[in-house]
Amino acid sequence: MNFSGFDIAILVLVALVVLVLFKGIRTIPQGYNYTVERFGRYTRTLSPGLNLIVPFVDRVGAKLNMMEQVLDVPSQEIITRDNAIVGVDGIAFFQILNAAQAAYQVSGLQNAILNLTMTNIRTVMGSMDLDELLSNRDAINERLLRVVDEAAHPWGIKITRVEIKDINPPANLIESMGRQMTAERNKRAQILAAEGLKQSQILEAEGRKEAAFRDAEARERSAEAEARATQVVSEAISKGDVQALNYFVALKYTEALGRIGTATNSKIVLMPFEASSLIGSLGGIGEIAKEVFRSEGTTGSQRQAARPPIVRPGEN
């Protein structure tokens, strides 16, 4: 098959067009940005999708992942402010916001971020005591994030999170901390026990105080009642009513005998008076009661005439 010069020219033209299209069309996947260099100089950034460049003049420079990425920070030893040596490792999350800055402002982006994070971990945690490291991890993470993000800002990246994963003190230090924790808990337990005993003693003392106050109040009221009864009897006697005196004497007499008879430390009671006296007194009390009920229908003179004689202890 013979090709003329025109046919050869057409074939060359078609091949050149295909080559130009191949060199000039770029498809960028989602989540990536490509930089474009013209004669080695940055010109623009290609976003995800179909893009056109000038063939043989422009070329793709750096291909950058714009998604959030995770960077593992290896373990390293840190000397704290109180001269304790601890092993620390962490993790950092970052995202590229400006592809041109990330490609041309720093060489070896991930290595730079890694070394920057490790250096600031030593700086921040080395300025704190061991107790602060173990109890203020959130504050350490926040401070590290602020410092590292500010340092990496000129590179066109955003440090989203910096987390300390593990803080590993030496074995002897862990044992010492365990003993210290045990002593602190024992101390707190003793303090709580002492506080409980103190409250118990206070409540017991308040109970005794309240009981004594109520006993005194009861005795005071009993004394007032006794005084009132004595006053009533005295007024009755002053008015010539001898029955009240008989009743009062018989009541006291009976109460005294009752207390003697119910005493727990007495098995045999020796009576210094005759038993008939108590019977006579009880009889006198009965006569008094009859006289009181009978006096409702009689006059004053009749009550005076019907008044029974005074019963005295010891009389038959």
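Visitor: Which residue is the bridge partner of Ile96 in strand 8?
Guide: The partner of Ile96 there is Ile157. This is a predicted model, so read every value here as computed from that prediction.

Visitor: How many bridges join strand 7 to strand 8, and which way do they run?
Guide: Ten bridges join strand 7 to strand 8, and the two run antiparallel.

Visitor: What sheet do they belong to?
Guide: An open sheet of three strands, in the order 6-7-8, with antiparallel pairing. Strand 6 and strand 8 stand at the edges with a single partner strand each, so one side of each has no neighbour in the sheet. From one strand to the next, the twist averages 20°.

Visitor: And how many bridges are there between strand 6 and strand 7?
Guide: Nine bridges, again in the antiparallel sense.

Visitor: What sits in the loop between strand 6 and strand 7?
Guide: Asn83 is placed in that loop. The hairpin has five residues between the strands, and Asn83 takes a positive phi near 65° in it. Asn83 is a residue other than glycine.

Visitor: Is Asn83 buried or exposed?
Guide: Asn83 counts as exposed, at 66% relative accessibility.

Visitor: Where else does a residue other than glycine have a positive phi?
Guide: Phe56 is one of them, with phi near 65°. Phe56 lies in the loop between strand 4 (49-52) and strand 5. At 53% relative accessibility, Phe56 counts as exposed.

Visitor: How far apart are the end C-alpha atoms of helix 3?
Guide: They are 26 Å apart.

Visitor: Which residues of helix 3 are buried?
Guide: Among them are Leu109, Ala112, Ile113, Leu114, Leu116, Val124 and Met125. The list also includes Thr117 and Asn120.

Visitor: What covers them?
Guide: The cover of those buried residues includes strand 6 (69-79), strand 7 (85-96) and strand 8 (157-168). Helix 2 (99-104), helix 4 (130-135) and helix 5 (137-152) are also among the covering elements.

Visitor: Helix 5, then. Is Asp149 buried or exposed?
Guide: Asp149, which lies in helix 5, counts as buried, at 18% relative accessibility. The cut-off for buried is under 20%.

Visitor: What does Asp149 touch?
Guide: Leaving out residues up to four places away in sequence, Asp149 touches Ile157, Lys158 and Ile159. Ile157 is also the bridge partner of Ile96.

Visitor: New topic. How many aromatic pairs does the structure hold?
Guide: One. Tyr42 and Tyr104 form the pair, which is tilted, with 5.6 Å centre to centre and 50° between the planes.

Visitor: Why give both a distance and an angle?
Guide: A pair of aromatic rings is described by the distance of the centres and the angle of the planes.

Visitor: Which parts does the pair tie together?
Guide: Tyr42 lies in strand 3 (residues 41-46) and Tyr104 in helix 2, so the pair ties together parts that are 62 residues apart in sequence. Tyr42 is partly exposed, with a relative accessible area of 30%. Tyr104 is also partly exposed, at 37% relative accessibility.

Visitor: Which residue has its charged end over the ring of Phe93?
Guide: Arg161, whose charged end is 4.2 Å from the centre of that ring.

Visitor: What does strand 3 pair with?
Guide: Strand 2 (residues 32-38) is joined to strand 3 by five bridges, and the two run antiparallel. Tyr42 in strand 3 is the bridge partner of Glu37. Both strands belong to an open sheet of three strands in the order 3-2-5, with antiparallel pairing.

Visitor: Which strands are at the edges of that sheet?
Guide: Strand 3 and strand 5 (58-65), each of which pairs on one side only. Neighbouring strands in this sheet are turned by 30° against each other on average, direction ignored.

Visitor: Last one. How many helices and strands are in the protein chain?
Guide: Nine helices and eight strands. Of the 316 residues in the chain, 26% are buried.

Methods: Residues numbered from 1 in each chain as written. Predicted model: local features only at pLDDT ≥ 70, side-chain atom pairs only at ≥ 80, totals over all residues. Heavy atoms only, no water. Helix = DSSP H or I, 4+ residues; strand = E, 2+ residues; numbered from the N terminus. Expected span 1.5 Å × (residues − 1). Buried < 20%, exposed > 50% of the residue type's maximum accessible area, 1.4 Å probe, protein only. Contact = heavy atoms within 4.5 Å. Phe/Tyr/Trp six-rings, centres within 6.5 Å; stacked < 30°, edge-to-face > 60°. Lys NZ or Arg CZ within 6 Å of the ring centre and 35° of its normal. Pairing = 2+ DSSP bridges. Axes fitted to C-alpha atoms, helices over the stretch in contact; angles between N-to-C directions.
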